[in-house]
Amino acid sequence: MQTPDVPLTLRNCELLGFEVDFDHIHYYIGHEIVIRRAKDSAMGPVSFAIFSFLTKIASRAPDFFRIPHADLSEVGFRVEI
């Protein structure tokens with residue numbers, strides 16, 4: 001199984017002839033916060049509790065893709081289920 005590494009992939013692209021400016025590189029990722037609606041929710045309370053727990057213990061995208069935290073901006077938004 002391979003582990004994704006975005007900065008390493010960009011360095012490899014540079015070896016293939018693509019221009020990459022590592023001094024001015026910045027990464028943007030989305031970060032969603034899932035909440036349950038008070039009324040008319042699509043998920044039951046038990047299902048949502050399990051889903052919420054699994055979401056909290058999941059690995060974060062910057063860690064998984066090995067994105068340096070100094071060059072990262074996260075854009076967060078709420079999703080109601």
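This is a predicted model: local features need pLDDT of at least 70, side-chain atom pairs count only at pLDDT 80 or more; totals for chains, interfaces and linings use all residues.
Residues are numbered from 1 along each chain as its sequence is written. Local features need pLDDT of at least 70, side-chain atom pairs count only at pLDDT 80 or more, totals for chains, interfaces and linings use all residues, and side-chain values use heavy atoms, with hydrogens and water left out.

Let's start with the open space. A pocket here is an open set of points on a 1 Å grid over the protein atoms alone, where a 1.4 Å probe fits, with protein on both sides within 12 Å along at least five of seven lines; lining residues have an atom within 4 Å of a point. The largest pocket holds about 370 Å³, a volume being the space filled by probe spheres set on the points. Its lining has 17 residues, and His31, Glu32, Thr55, Lys56 and Ala58 are the closest to the centre. Strand E1 (27–35), helix H2 (45–57) and helix H3 (61–64) each give two or more residues to this lining, and E1 supplies the largest share, six residues.

Now to the rings. Phenylalanine 64 and phenylalanine 65 form an edge-to-face pair (centres within 6.5 Å, planes over 60 degrees apart), at 5.1 Å centre to centre and 85° between the planes.

| Residue | Relative accessible area | Class |
|---|---|---|
| Phenylalanine 64 | 39% | partly exposed |
| Phenylalanine 65 | 33% | partly exposed |

How values were computed: Helices (H or I, at least four residues) and strands (E, at least two) are DSSP runs, numbered from the N terminus. Rings of Phe, Tyr and Trp (its six-membered ring) pair if their centres lie within 6.5 Å; planes under 30 degrees apart count as stacked, over 60 as edge-to-face and the rest as tilted. Buried means under 20% relative accessible area, exposed over 50%, partly exposed in between (1.4 Å probe, protein chains only).
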